[in-house]
There are 4 protein chains.
Amino acid sequence: MVPRYSRPAMSAIWAPENRYRIWFEIEALACEAMAELGEIPKESARTIRERGDAAMAAFSSVDLDRIDAIEAETRHDVIAFLTWLAEKIGPDSRFVHLGMTSSDVLDTCLAVQLTQATDILLEGLDSVLAALKKQAFAHKYTLTIGRSHAIHAEPTSFGLKMAGHYAEFVRNRERLLTARAEIATCAISGAVGTFAHLDPKIEEFVADKLGLKIEPVSTQVIPRDRHAAYFCALAVIASGIERLATEVRHLQRSEVREAEEFFHPGQKGSSAMPHKRNPVLSENLTGLARLIRSHVVPALENVALWHERDISHSAVERNICPDGTIGLDFALARLAGMMDKLVVYPEQMAANLESLGGVVHSGEVLLALARAGVLREDAYRIVQRCAMATWTKLGKPDGRSFRENLGDDPDIVGKVAPEVLDAAMDSRAHLKAVDARFRLVFGEPGPAA
Amino acid sequence: MVPRYSRPAMSAIWAPENRYRIWFEIEALACEAMAELGEIPKESARTIRERGDAAMAAFSSVDLDRIDAIEAETRHDVIAFLTWLAEKIGPDSRFVHLGMTSSDVLDTCLAVQLTQATDILLEGLDSVLAALKKQAFAHKYTLTIGRSHAIHAEPTSFGLKMAGHYAEFVRNRERLLTARAEIATCAISGAVGTFAHLDPKIEEFVADKLGLKIEPVSTQVIPRDRHAAYFCALAVIASGIERLATEVRHLQRSEVREAEEFFHPGQKGSSAMPHKRNPVLSENLTGLARLIRSHVVPALENVALWHERDISHSAVERNICPDGTIGLDFALARLAGMMDKLVVYPEQMAANLESLGGVVHSGEVLLALARAGVLREDAYRIVQRCAMATWTKLGKPDGRSFRENLGDDPDIVGKVAPEVLDAAMDSRAHLKAVDARFRLVFGEPGPAA
Amino acid sequence: MVPRYSRPAMSAIWAPENRYRIWFEIEALACEAMAELGEIPKESARTIRERGDAAMAAFSSVDLDRIDAIEAETRHDVIAFLTWLAEKIGPDSRFVHLGMTSSDVLDTCLAVQLTQATDILLEGLDSVLAALKKQAFAHKYTLTIGRSHAIHAEPTSFGLKMAGHYAEFVRNRERLLTARAEIATCAISGAVGTFAHLDPKIEEFVADKLGLKIEPVSTQVIPRDRHAAYFCALAVIASGIERLATEVRHLQRSEVREAEEFFHPGQKGSSAMPHKRNPVLSENLTGLARLIRSHVVPALENVALWHERDISHSAVERNICPDGTIGLDFALARLAGMMDKLVVYPEQMAANLESLGGVVHSGEVLLALARAGVLREDAYRIVQRCAMATWTKLGKPDGRSFRENLGDDPDIVGKVAPEVLDAAMDSRAHLKAVDARFRLVFGEPGPAA
Amino acid sequence: MVPRYSRPAMSAIWAPENRYRIWFEIEALACEAMAELGEIPKESARTIRERGDAAMAAFSSVDLDRIDAIEAETRHDVIAFLTWLAEKIGPDSRFVHLGMTSSDVLDTCLAVQLTQATDILLEGLDSVLAALKKQAFAHKYTLTIGRSHAIHAEPTSFGLKMAGHYAEFVRNRERLLTARAEIATCAISGAVGTFAHLDPKIEEFVADKLGLKIEPVSTQVIPRDRHAAYFCALAVIASGIERLATEVRHLQRSEVREAEEFFHPGQKGSSAMPHKRNPVLSENLTGLARLIRSHVVPALENVALWHERDISHSAVERNICPDGTIGLDFALARLAGMMDKLVVYPEQMAANLESLGGVVHSGEVLLALARAGVLREDAYRIVQRCAMATWTKLGKPDGRSFRENLGDDPDIVGKVAPEVLDAAMDSRAHLKAVDARFRLVFGEPGPAA
């Protein structure tokens, strides 16, 4: 992920230093387990831990360069690290990695990194939830037009709109928790996963210390269906971000102007057109969503490794693990800030709601006719006729409101009382379920009307 | 999905008849709820139910044609159905669909269809699990070479291989159950989901009768993150199918010949080469996996509908819902049958295991040297040297086995006892964890050695 | 592809009848080539042609059932066909398929089907181009606001908008022609493509008769990079359809109302809201674009067949070849009709253009200040200030137009003459390049202003 | 793209320095064009060029930081650059970017970067072609078994195998050239692309100097169908890389051992198993192919920008443009090296070819029976029977070769002469078309047999 879309805490998880720190931790824990099982001298395990901890604490770019130099020779990254570590630890290093295979280290490390990353993502989701709840509560009863097909449908509240997105992000949080459990496993099972040279108790010990579960059957690698499921979860979340971003982009468009991203003092919207204030954050989120979604297919293609394992997944994961988590972290932070500071224009919402001459109440009128005993087919034709008469003359001198047209219509007069037609024009009738739905979504009703 | 890859029970779920049956059920249930709430006459609800049930029972291609004809006029599928239904029910039909919108019917129906489909898929997974367990138990202690990078690594058991796939399919079953819960929701909330014209108790009533949960916030549509998550689950399962299919394809290749798809009497492998017996089932499963995976991206793109809803998702779902579930159903059935009837050749497995002159035991020798106090780096060099000497002369007159080379090596003689080297060549040492792992995966150990 | 999105001519290409017809044609042509080369009796080739032609002419569902029955036994589709054909032809059938392999027939047939399909798609593109040209010419000088980020930017013409889409579809036509050439190859090279049992002249002969080129190296199959490139082209075209569909969806939204899909008499937009007129065609095209795009990944995954070939691509192609071409054919026809009948509202375009109080001319004012020697940074600040003053009071009693604010601004007065400011407010200045651009795109200027 | 998979020359194209250099070049060229048109003082254009060139020549991290600081304030990257540039140029900077919009700079710059990148990729393809040709010529007549479904089919030559991949890479080269032309366009058309403030001659001038074509209709942005087509081409190439990599992985697997990636002195295949020599390069290429393919979908999703443009494509392109070209550059270089140094084992190829007891000649025997007048169906049954008898007893004491079984078969004896059967067992008969095919693919035959 380019630096522009990276935040430090998440990037640090994927830095070589963190990876080597975790590699060492796994090796040290395995040694401690072996020492406890009496397989290697306790003294050696202690030396490994102490000197290794010291080496990791003092880890610098000199060490990075040294490891890279060894890898250039051996063409094997874990062996390069172990060789460097041996240089730091001395003769006791011969007990390090005993009976283990590189994948034991690599895959367990990846599990640790992904859980670290996920914990940050969960915080990000919480920020988004907080911002959405704030807007939902602030606008619980702010009337706005609901739109299907981007065509005015019936009134709703802006708070309910936000509640819908909130509910989706609650689901996304659940999905991420499930995904976290998917990838939080540990494998210390040796070549092709048979524990031929390793006591399974070592795996249990390391898993326990790292907060992971043991992998039931690792075939040298942790099976990649877990990671595929993980990236699917990120992609579903990204798509939820896109849905909300798309909403904001629509609300800010010049003809709608119902809400707007906060425009910073000093900000410039366009190099050529000083009047521009563009929804660049939500557009950016749309693009980021595309990126994060694009990781799903390679993650799925990684599942079918050959036999007990091949290494084709590695190039993919070296990119999508950082890119996916860094990108989503950035997107969630950006989304939370954007929604928190979103400028909402209730007056413009009201104005837009009225802009179609009342035809948005056609559904209620249809029901009134049905209640009056008119057959659905006939009622539909009558109401559609009155609505279209208003619609096609919107803004024209001879335009008439939907209520006016209804009031004159020979098929309505005498069937539906004027008071009923008046009542049908009341947008506030559409708010009656808001309170109950808020209780359902937020567990609390929020502010009163 | 082309008929070639379709099975009748799953296809029937997506046939128009089933869709219309569910549509009617939703409408009838909604009427019954309204009648109970006193909103419409109980008598009418009864008439609707009775005449509707009769119409659905007698449903034939004549009805299909009639509905299609109405749709050609109205260009709206639900209105077409309602009009046809009104013709069957008579004047009481004016109480049908009262205050509801098409999406209430369409989306709730889709939830019912997807749960029906998922229940069949769960059976399919169970068949795959049964076949895998059968092979795992049958070959719990059948020695075979484990391969990393498709290169012989260390021995393992064919049963453990199968157990690994079994464990993956257990995870897939969990994922499918989660996915089922994702899509099993009901929305009867009216235009833009405000319940303006509908008592929320109607939704509760219908949901309860259909075995669904109510959707917390539907915005006329059930939010599409649910369906995206569902298709992700199918794709992860498909990738697991591909992994197993790829294994079989490898095992059957002419140079490996460790297992083979059952070849039917009368079957022909090639029009030109009568000797051919090809792994066509597993290749076919590989292709089907690609297809099912391809549904993920459009499903994710469907999430960001505009405002309260648009209809862009519809064209996608009309295809991927049947294609995905029909395709996966077929694939699971094919996979279960293929694995159940898989012909396994333990003798060939044993032969392949020995074919590299014993170098596959290099890891154990490395450990023996380490235990003898040789530094990892040195030990590695010594063992690599002996292994390569065997490898590069495989099948040549002057070729020598790994054991022979080790026995002569000046850096080994005197450090590792011949008995230790002999023991290191014993493949059965790699089976010691099998029993415990079987208990973990299957909850039972399976047959004794 | 579901019938709803299928048109007969394209569907017929993928019907079994057409496939068998092409299979026979390939076999018959190969026999004729062999006869000419003296490899089989001329008399036999004639018999094969005559009896085969007769059988194909009389081909009915009885034949389909017979072939299916044989395939159920042999589990091989081409062998099933050949067996059926032998029943029709008699003893001379022993010369049919001589030295050939199934793929020779299957892959060459697919090439023929795809070229047939592509020719229909080219017609579809031509219809779209015609509709776009019609709208471009009709609205060459129809002023409308250009929007970046969905925010009003500067005026443009609706004709130029259409010209941009026209230019994209011209590129799409080029891409489809290139894609057609990619897949229009013939392979009659036998098992693993060595011509061991076939004279290469047979391939040349068949290719020539079918209007194909010979495949330089077929390895039993025609290499699948060709098909991958083909589906990429379809996906790029689909994305162009989506771009245009998205434009229409935006233009029709209630707050914009600059254009509208034709609404048929009798059409109903919503079952619940009789006032609705939704852009359902363009939304549907958006969904179809997602479907067609989804074929790219499996097509790319099909490229890496194992060794000389495997059959994993087959399941994919049996679906995406018909689905992709049928879906795109339907989409192009729908798009052409939609654009041809698109109802355009120039008055509403003019009204929207004026709705932001003239701030859309900020760019020209910025330039005027620059020409007056004001530094870019300063000029920007001045113009932004005036524009925001207008923007934030749009529709309010104390709102003032951009021109008014500019006229009063102390940093402008004396630097830019009032006439220059007046001229800067003239939208028609943005049309000056239209004519030249039309010449470039259409090869002709279209109507005069 | 992570540094591990990046090469300096390609990475440099995407470094900020190169981007700013091109931005300046575009601005400077535009000024020169304006000066030539008399729109700005020639003197100023000269000053801009001279001071700008000097600033770019001295460009350092100080400048990068300064630009970043301005962007933090303006939140607009191009304005930040222009402000920095103004600081370097002084008052004449007011003529820079006059009437232009950021996209004129950004999109034209991207075109330049992508053409630079493509030229490097073309060199990479040439290296791959050279390596493939080398192997093809070296092994023009090296017999090897051709495999369909990974099952031995009929003999072929390793050179022909290589020729097939060569032919695919020739097509890939063509595709990349087409893709280069797709994205090599220039837009200097101003806000929403109307040339309202810009003479189209400026665009022509800049395009000409940069080796680009003018974009017929840019709507502020260069239309993204061009970039989508570009990434499709990269993905098809990546899939071709995967096909070849997959071939090598298969050939190197322990049971096949027909070819092997060069194993460097000092290289280590596994931390646990010193005997390992894994095809890690080809596996890595498989993973890289997945990554490069994954860019296609977001690139396609970028096409449908809203109205004249939105900015959602930007986040995608900031990642996939460098990632795609850097990744493919690395992959091509790795592939070329791998194929150039590939170790081929003709003896093992010969051994494998013989390993199925001659059944691979079943096709030729089938033809011999057909020529002898036996009906296809009967001949097939006879040959299949003889082949299966050999196959099922491979390696067993009572196993018999295919030739032996044929020689005894009562349905063959008397129909096909022993000499004909003997001749059918000759693998060299499968090489007869190699020479002609080489001429077709390489334009020259290569070495004689």
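This is a predicted model: local features need pLDDT of at least 70, side-chain atom pairs count only at pLDDT 80 or more; totals for chains, interfaces and linings use all residues.
Let me begin at the meeting of two helices, where Asp225(A), Ala228(A), Ala229(A), Cys232(A), Val236(A), Ser239(A) and Gly240(A) of α9(A) face Asp225(B), Ala228(B), Ala229(B), Cys232(B), Val236(B), Ser239(B) and Gly240(B) of α9(B). Contact here requires that the C-beta atoms of two residues, placed from the backbone, lie within 7 Å. Helices (H or I, at least four residues) and strands (E, at least two) are DSSP runs, numbered from the N terminus. By class, this contact of α9(A) with α9(B) has 8 nonpolar, 4 polar and 2 charged residues. Ala, Val, Leu, Ile, Met, Phe, Trp, Tyr, Cys and Pro count as nonpolar, Asp, Glu, Lys and Arg as charged, and the others, Gly among them, as polar.

Residues are numbered from 1 along each chain as its sequence is written, and chains are lettered from A and ligands numbered from 1 in the order in which they are written.

How do the axes of α9(A) and α9(B) cross? Those of helix α9 (residues 225-252) of chain A and α9(B) come within 10 Å, at roughly 160°. Axes are lines fitted to C-alpha atoms, for helices over the stretch in contact, and angles run from 0 to 180 degrees between N-to-C directions. α9(A) is therefore roughly antiparallel to α9(B); angles under 35 degrees count as roughly parallel, over 145 as roughly antiparallel, 65 to 115 as roughly perpendicular and the rest as oblique. The crossing is right-handed; the term applies if the near helix is turned clockwise from the far one by less than a right angle, and left-handed if anticlockwise.

Now the wider interface. Chain B places 74 residues in contact with 74 residues of chain A. On the side of chain B, α9(B) supplies the largest share, 13 residues, and that side divides into 36 nonpolar, 20 polar and 18 charged residues.

Within chain B, α9(B) (residues 225-252) also packs with α12(B) (residues 312-340), at an angle of about 30° and with the axes 11 Å apart. The pair is therefore roughly parallel, and its crossing is left-handed. Among the residues making this contact are Phe231(B), Leu234(B) and Ile237(B) of α9(B), with Ile320(B), Gly324(B) and Leu328(B) of α12(B). It has 10 nonpolar, 1 polar and no charged residues.

Helices α6(D) (residues 102-138) and α7(D) (residues 158-183) pack at about 170°, their axes 9 Å apart, and so α6(D) is roughly antiparallel to α7(D). This crossing is left-handed, and the contact comprises 17 nonpolar, 6 polar and 3 charged residues.

Chain C meets chain A through 35 residues from each chain. Elements giving two or more residues on the chain C side are β2 (151-157), α10 (280-293), α14 (362-371) and α15 (376-391). The largest share, 5 residues, comes from α15(C).

Finally, chain A as a whole. Chain A has 18 helices and 6 strands. An automatic or database assignment divides chain A into domain 1 (1-98), domain 2 (100-350) and domain 3 (359-424). Over C-alpha atoms, the centres of domains 2 and 3 are separated by 46 Å. The C-alpha trace spans about 100 × 50 × 40 Å along its principal axes.
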